[in-house]
Amino acid sequence: MVRFERRELDQILRIYSMMVGAGEWRDYALDHMKDRAVFSVFRHSSEVPLYRIEKNPKLARRQGAFSLISASGQILKRGHELANVLKVFDKPLKLVASR
């Protein structure tokens, strides 16, 4: 079975706690399967996950073992290192003024 290592879970839970504090996320689920490990993030536990952070060792030599997937199934970021994949959440949203 594929599992997240302690260091990887620490990185994920750091982002999770930041987003819970901001009121964006409310629940999560961890799934460990034969071929991959998945950390799903929910706004409400009865909904579809907002994001899935997946670890798939089969893709480690190609596109990277880690991927961030949106609720629609779109892959937002892939990489060999989890920290680089999670940088998507570090970028603050900017207000764009219209003219």
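S17 is found in helix α1, where helices (H or I, at least four residues) and strands (E, at least two) are DSSP runs numbered from the N terminus. With a relative accessible area of 45%, S17 counts as partly exposed; the scale here runs from buried (under 20% relative accessible area) to exposed (over 50%), with partly exposed in between (1.4 Å probe, protein chains only). The side chain of S17 reaches the backbone oxygen of R14 at 3.0 Å. That is a polar contact, meaning a pair of N or O atoms within 3.5 Å; within protein, one must be able to donate a hydrogen and the other to accept it, and residues adjacent in sequence count only if both atoms are side-chain atoms.

A word on the ground rules: this is a predicted model, in which local features need pLDDT of at least 70 and side-chain atom pairs count only at pLDDT 80 or more, while totals for chains, interfaces and linings use all residues. Residues are numbered from 1 along each chain as its sequence is written, and side-chain values use heavy atoms, with hydrogens and water left out.

Now for the overall layout. Of the 99 residues in the chain, 33% are buried. Contact means heavy atoms within 4.5 Å, and among contacts with a separation of 6 or more, 28% link residues 24 or more positions apart. The accessible surface of the chain comes to about 7,100 Å², and carbon and sulfur atoms own 50% of that; such areas come from the Shrake-Rupley method with a 1.4 Å probe, and for residues only the protein chains shown count as cover.

On to the strands, which pair if DSSP finds at least two bridges between them. Strand β1 (residues 27–32) runs antiparallel to strand β2 (residues 37–42), with 6 bridges joining them. H32 stands opposite A37 in β2, and the two strands form a hairpin with 4 residues between them.

Strand β4 (residues 66–70) has partners β3 and β5. Strand β3 (residues 51–55) is joined to β4 by 5 bridges in the antiparallel sense, and Y51 stands opposite S70. Strand β5 (residues 75–79) also pairs antiparallel with β4, over 4 bridges, and there F66 faces G79. This pair makes a hairpin with 4 residues between the strands, and G73 in the turn has a positive phi of about 95°. Because 5 of the 5 residues of β4 are buried, the strand is largely enclosed by the rest of the structure. F66, L68 and S70 point one way and S67 and I69 the other, yet all are buried.

Back in helix α1, E8 is buried at a relative accessible area of 4%. The E8 side chain reaches the backbone nitrogen of E5 at 2.8 Å. Leaving aside neighbours within four places in sequence, E8 is in contact with R3, K55, F66 and L82.

L13, also placed in helix α1, is partly exposed, with a relative accessible area of 35%. Together with Y28 and L30, L13 makes a nonpolar surface patch of about 230 Å². Patches are made of residues with over 30% relative accessible area and no salt bridge, joining like charges within 9 Å and nonpolar side chains (Val, Leu, Ile, Met, Phe, Trp, Tyr) within 5 Å; a salt bridge is a side-chain nitrogen of Lys or Arg within 4 Å of a carboxyl oxygen of Asp or Glu.
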